[in-house]
Structures are given as structure tokens and as C-alpha cells.
Amino acid sequence: MKTEADLLVENAAQLLTLAPSPRARDAEEKLGLIPDGTLAAKGGRIIWAGPAGETSKRVSLAPDAKEVDASGKVVLPGFIDSHTHLLFAGTREKEFELRLQGASYQEVAAGGGGIKSTVEKTRRASKEELLRVGKKHLDSMLSLGTTTVEAKTGYGLSTMDEIKMLEVLRDLAREHPVEVVPTFLGAHEIPPEYAGKTEDYVRVVIDEMIPAVAEKKLAHFCDVFCEKGVFSPVQSRQILEAGKRHGLLPKLHADELTPLGGAELAAEVGAVSADHLLFISEKGMEAMAEKGVVATLLPGTAFFLFLGRYAPARRMISKGVTVALATDFNPGSCMTESLPLITTIACTQMRMTPAEAIWGITLHAAKALRMEKELGTLEPGKQADLVILDIPDYRHLSYHFGVNHAWKVIKKGRLVWEAESAHSTIRVDPR
Ligand code: NIG
Ligand code: FE
């Protein structure tokens, strides 16, 4: 029997399902690429995706169904940004300039800038102000094709201010079409009132913050910035284990600026993902592959901090690690909302292929959020989250960079964003 659809996205030049047959060999087959493809949805869920020619055999149309002609365009799952610091007050463009003059990220932080300066402003900001800023960031992400965003706290660093951030994230999730997945990152930095007393702050995170966050059911994940001068591997483990006892799934900022064995730690505590990983060891890669910890690579940060190195993506892929890509959007180390730009950096600097980059911002990112049953591919039963790009071939997403290719964005079967008028030209009087 034919199912009745309330949304039909028809005749895409390339429909990427990311659900290939097990026999897939080349990049296009592995992306589940259907030339001249059509997708049908009902009630916000995908009911069918296949060759346009088979549509009438497979689905019928509800009287008020929406039809979108995607001829000449590429349709793929909505992008998932699985690592962001979405919510913050103030910006840090002066630090950018200082770094251009030669100061390192750590030196800027030691000089009173860095995460602490954003903490100061975020603590002072009202919930309304943070909500307004958060919406602006989400609007921008949505316009670039992102339909789901993980968002970390970590600019509050007191129980009250961390809860404030989480409550704003909850309100954002209610008010904005982009799905927001909250992560508690109370261990992002040592707040000024605990300077020189890291152990005492770790106790506050474990004894006060985690129980309060869990009790209010405000976060899915618990993350820690495991780094020299911030939280040691021992402290990180204590915090992540405490999070687990309260039902928060572990994530870790690991091996970002120095090699500390963060990847190994992530595997030992059963983290869902370990992120950054510029200084990951061979053992760390093997442990992550074995335990199924997703590597979330954030090449925009290495680019923006001009660290002169990137995470060894090819080596990780060859060892069987699942590689996701995310923005790390934040005011200090990566001020961009653009996942397409991240795919270009991933290809040019880490030698990932355009197809691997697409996996990184769809299914692999869904896995980094434990949401792969709902998101990340265009398969029947999953949420109808998709982006329609005004490009003739999927490779243009990474190849043709610095411009926005998003034409329409659909979240849970509903059109939530569209380009005003693609390729509109403004005529100027030639005198
Ligand atoms: O992921 N590594 C720590 N946290 C962020 C930076 C946050 C900031 O500078 O405000 C990161 O790079
Ligand atoms: Fe981060």
C-alpha cells in the first residue's frame, strides 16, 4: 500500500541518503547518492527516499502536501554541529589582534583575556540578553544548513551561573527551530575566585554543580577541558565519573594543545566522543577505535589559532576511528558558525575527502551526540531534517568555499529557512 506524504522534495540532481548498500565501493555509492532523487515525509518523519521515477509507485500525496522542486540541486541530511560554545556575552576581537602580533592563546589567557574574560561578561549578562545572543547565533547556523547544535556551558563557572546558561539553552531549544543539545562544561576553566585552588573547584563541580544540573535535567552530556594548566587527567576522570553517576554521558576536550593522554582517558571512561585531538598518540587512536569513541575534529580552531598543526585525521580514519567534524564555535578560538567552511579546512588541511567531510557533519556527528537513531541519514523513520544546496554536485560544499549554498532548510518536515532570492543581482546605473 502507498503511504500518504505531506512533504515531497523532488528531482534532486543528487540526493545523498548516507545509507549506502553494504556493497558500496566508490565515494558516491558510499554516500548513498541517488541521481534524480526524491524524498517523501509525513508528520516530520521520512517515509521514503529513492529515484524520482518510482515516486508515484511508492507514495501518494496528501491534499495539502508541500512540494519542493529540487532540480539541479543537492539534498542531504541537515548538518549537525556536535561541538559548540554557542552561548556567551561579549566578543574577543582584540585578542585576535594580539595573537596576530605573536601572542599565543595561552599567553593571552594568562594576561587576563581568554575564557575568563568571557566568563566575566557572561556572569553579568541577563538571561534575556543571553537568549537574544543565542538566537542570533542559531539563526546564522540555520542559514548555513545546520539543523542540530550541541551547546556547552562553561562561561558561568559557578552553580548559579552554569544553571543560568543551561536554562537559557533550554529556552532557546523551545523557541528556535534548530534543535539544541545541552552539555554541562563547568570544568572549562578555573574561575578567578578559585585561582590556585583547582582541587577545591573540582569538589564544587562534583559535589554541587553536577547533582544540581542532573536534578533539574538540564544537560545530556558532561564535558571537561583536560589540558595543562586547566584540569589534569586525574581531575578530568573524577569529574566525568561523577557525571556518569548522575546520568550525564561523558565527552572530553582532549589532547588539544599538549599531549596528555586525553584520548586514552576518553576510551577508559567510555566517553561518547573525544574532541580536538591535535596531539593524540597512536595508542590513543587505537583505544578510541576499540571502544567506539567518536573523534570530533575541530580544524577551524587549529586554523584560527594558527597552531601549525592539525589532528591526524587520515591516520585515525585508517585505524577505524569514526571521525566527526564540528565548528567549536566560540569567541576565543574559533569564531565561525559555518560547518561548510569547516569541511573545506578539513579537506585542505587534514586531507579528508569531500565525502568524508559530509559524513563528519551528518551521521558521524549524530553518533557523537548518541542521536544516530533519529538523525544523520535520510532513511525512513528518521526525522525529516534536510538541507537543499544550490550546487550541482556534493563536492561543491567544500570546493566552492566562503559563500552560502543553502537554498532551503527543513527541520522535522517543516520549511524553516530559505534563501531570499538565489543569485539575485543588483543593477547599478552605468553612468
Ligand atoms: O574548545 N578549549 C577550550 N575551550 C574552547 C575555547 C573557548 C574560549 O576561548 O572561549 C575551545 O577551543
Ligand atoms: Fe571546545
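Glu179 and Lys411 form a salt bridge in this predicted model, their closest N and O atoms lying 2.7 Å apart, where a salt bridge is a side-chain nitrogen of Lys or Arg within 4 Å of a carboxyl oxygen of Asp or Glu. Across the interface of domain 1 and domain 2, the rule finds one salt bridge. The domain assignment, which is automatic or taken from a database, gives domain 1 as 3–77 + 377–426 and domain 2 as 79–367.

Between the C-alpha centres of the two domains there are 30 Å, and 28 residues of domain 1 are in contact (heavy atoms within 4.5 Å) with 21 residues of domain 2. The area buried between them, meaning the accessible area (1.4 Å probe) that two parts lose on being put together, summed over both, is about 1,900 Å², with carbon and sulfur atoms giving 72% of this area. Leu397, Ser398 and Lys411 supply 27% of what domain 1 buries against domain 2, more than any other three residues.

Eight residue pairs, with both residues at pLDDT 80 or more, are in polar contact between the domains; such a contact is a pair of N or O atoms within 3.5 Å, and within protein one must be able to donate a hydrogen and the other to accept it, while residues adjacent in sequence count only if both atoms are side-chain atoms.

Ligand 1 has 15 residues around it, each with a heavy atom within 4 Å, and those that come nearest are Arg92, Tyr105, Tyr155, His188 and Ser333. The side chain of Ser333 has an N or O atom 2.6 Å from an oxygen atom of ligand 1, while a polar side-chain atom of His276 lies 3.0 Å from a ligand oxygen and one of His85 lies 3.3 Å from a ligand oxygen.

Residues are numbered from 1 along each chain as its sequence is written, and chains are lettered from A and ligands numbered from 1 in the order in which they are written. Local features need pLDDT of at least 70 and side-chain atom pairs count only at pLDDT 80 or more, whereas totals for chains, interfaces and linings use all residues, and side-chain values use heavy atoms, with hydrogens and water left out.
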